[in-house]
Amino acid sequence: MTNKYNYKTTPYEHQREALIQGADENNFAYFMEMGTGKTKVAIDNACYLFQQKKVTHVIVVAPNSVYRNWIKEIKTHSPNNYFITMHKSRDVEFTDPRDSGLYWHLINVESFSRDAGVKSVADIIKNYGRSTMMILDESTTIKNRSAKRTKTLCKLGKLVQYKRILTGSPITKSPLDLYTQCEFLNPDLLVFGSYFTFRARYAVMQEVQANGRAMLFPKYYTNLDELEKKLKGFSYRVKKENCLDLPAKIYSMRSVQMLPEQKEDYLRLKKNAWAIIQDEEVSFANKLTEILRLHQVVNGFVGTDGGEIKEYKKCPKMKELHAVLEEVDGKVIIWANYIHNIQRIINELSTKYGKESVVSIYGAISTEDRQIAVNKFQCDSNVGLFVGNHSTGGYGLTLTEAKHVVYFSNNYNLEVRQQSEDRAHRIGQTSNVNYIDLICEKTIDEFVISALKKKIVISAETLGEQVSMWLK
């Protein structure tokens, strides 16, 4: 097969092997860890099918923070004449110049919650039928089987001849995440006609009372070796440590002691939270709110019942962050969960190091300004600090100028943690990357880390891999 494809950019050996395995398949998954170049493989796959006169139009579906990156990647790696169109909003439709070449139609996955986005893609499929290919980047965005976009994409997928899903972390919460991703490719791949038969085979469920009604949650998982074998039949899996000569990841934790006032509030809220969690009459949402408040306290603030913010002026985590920055050399990424923390970090670091030294990405930053921030961090020697929300900025960015990554706070999402780590640790990184977690001892901080450990152990077991070093 490699003799039949005209590469524009020379692949790494693992990228060549990935293309060999997936090139002619109708449905295939590239489970390639962040930083191993899965986007290039998908582009090569589409271009190969174009050269074989099997595909003329490629629809790329990706998260909003990622899909624009495909423009640069297509221009870099496509050996064919190409045309790129983007579905930017509900009022914009794809255009087709009808010249000779491979057509790339880029759309963010969020658009599939709107009729206009769905219609634009449905029209392409209707017009070009079997010569259409769909690529779903970061396929865990459709792991929620009840979401409108998941249902829509699975329905549209049935009309497309060639489909690919891309992700480095196909399992972010449980093996059950796999079902809708594989359903998009082909419902028969896992040999189960429904989600419920799939769940019955690989999970033992338990009943939990939530929001005044009984809900089922996984108690433990079973037959994961069987599931692993099935996945290998239609996927290519690679981790960075097995294919790239990248520098090492080095992990450390910095223990932080809460202020007396902070600790007093934490213990009071903890006692109150425990009572609320045990009360079957209290809604699930209210229980989550109490847990959220505990997490806020350890991060230096807390929302009151009146909607105000109580801030601890001498936040121990802020003090420790300043200490870390005094100790390290080179550029630093700082990830935090809460906008309140992000804005405080930006303000304090801008005051200490100058406004021009800090760039940021979080929900309030436009897509255009995010790219400007990335370019400044990567190219401007005066910009040494990148502050962001890892749920927003942790996807699709290249921040290889950073040698240190500080987690002011974590959340429970394993994919967010792994994705945000690999903004710095990817192709182009020349130095070891130091990851520093700021942890308040004997608090919910430690519980979050413990939850991430359990998720990565289950993920590794399903995919037949070793547990990541930082969690051993």
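This is a predicted model: local features need pLDDT of at least 70, side-chain atom pairs count only at pLDDT 80 or more; totals for chains, interfaces and linings use all residues.
Which residues of helix α5 (residues 148-157) are buried? I started my notebook with that one, and I found Thr150, Thr152, Leu153, Cys154, Leu156 and Gly157. Buried here means under 20% relative accessible area, exposed means over 50%, and partly exposed is in between, with a 1.4 Å probe and protein chains only. Helices (H or I, at least four residues) and strands (E, at least two) are DSSP runs, numbered from the N terminus.

Residues are numbered from 1 along each chain as its sequence is written, and side-chain values use heavy atoms, with hydrogens and water left out.

**Entry: around α5**

I looked up what covers the buried residues of α5, and the cover includes β2 (57-62), α4 (115-128), β5 (132-137), β6 (162-166) and α6 (178-185). Contact means heavy atoms within 4.5 Å.

Next I picked Cys154, which sits in helix α5. Cys154 is buried, with a relative accessible area of 5%. Not counting residues up to four places away in sequence, Cys154 touches Thr180, Glu183 and Phe184. I also checked a distance: the C-alpha atoms of Cys154 and Thr180 are 7.7 Å apart, although 26 residues separate the two along the chain.

**Entry: disulfides**

How many disulfides does the rule give? I got 0, where a disulfide is a pair of cysteine sulfur atoms within 2.5 Å. Cys440 is in no disulfide either, as I noted: the nearest cysteine sulfur, that of Cys315, is 7.7 Å away. Cys440 is buried, with a relative accessible area of 1%.

**Entry: helix α16**

Then I turned to α16 (residues 414-421). Is this helix enclosed or open? I read that 8 of the 8 residues of α16 are buried, so the helix is largely enclosed by the rest of the structure. The cover over its buried residues includes β10 (249-256), β13 (331-335), α15 (390-393), β16 (402-407), β17 (433-440) and α17 (444-463).

I found a cap at the N-terminal end of α16: a side-chain oxygen of Asn413 lies 2.9 Å from the backbone nitrogen of Glu415. Arg417 is part of α16 and counts as buried, at 2% relative accessibility. Its side chain makes a polar contact of 2.7 Å with the side chain of Asp437. A polar contact is a pair of N or O atoms within 3.5 Å; within protein, one must be able to donate a hydrogen and the other to accept it, and residues adjacent in sequence count only if both atoms are side-chain atoms.

**Entry: two histidines**

I looked up His390 in helix α15. His390 is buried, with a relative accessible area of 1%, and its side chain reaches the backbone oxygen of Ser409 at 3.3 Å. Beyond four places in sequence, the contacts of His390 include Trp335, Tyr407, Val416 and Ser420.

His404 lies in strand β16 and is buried, at 10% relative accessible area. Its side chain makes a polar contact of 3.3 Å with the side chain of Asn434. I also saw that His404 and Ile436, 32 residues apart in sequence, are 7.6 Å apart in space, C-alpha to C-alpha.

**Entry: a pocket and a cavity**

On a 1 Å grid over the protein atoms alone, a cavity is a set of points where a 1.4 Å probe fits but cannot get out, and a pocket is an open set with protein on both sides within 12 Å along at least five of seven lines; lining residues have an atom within 4 Å of a point.

I noted about 860 Å³ for the second largest pocket. It has 35 lining residues, and the closest to its centre are Asn69, Glu73, Gly396, Thr398 and Arg426. Which helix gives the most to this lining? I found that α3 does, with 6 residues.

Last, I counted 2 cavities of 30 Å³ or more. Tyr179, Cys182, Glu183, Asn186, Pro187 and Leu190 line the second largest cavity, whose volume is about 30 Å³.

Note on methods:
Grid points are joined across faces, edges and corners, and a volume is the space filled by probe spheres set on the points.
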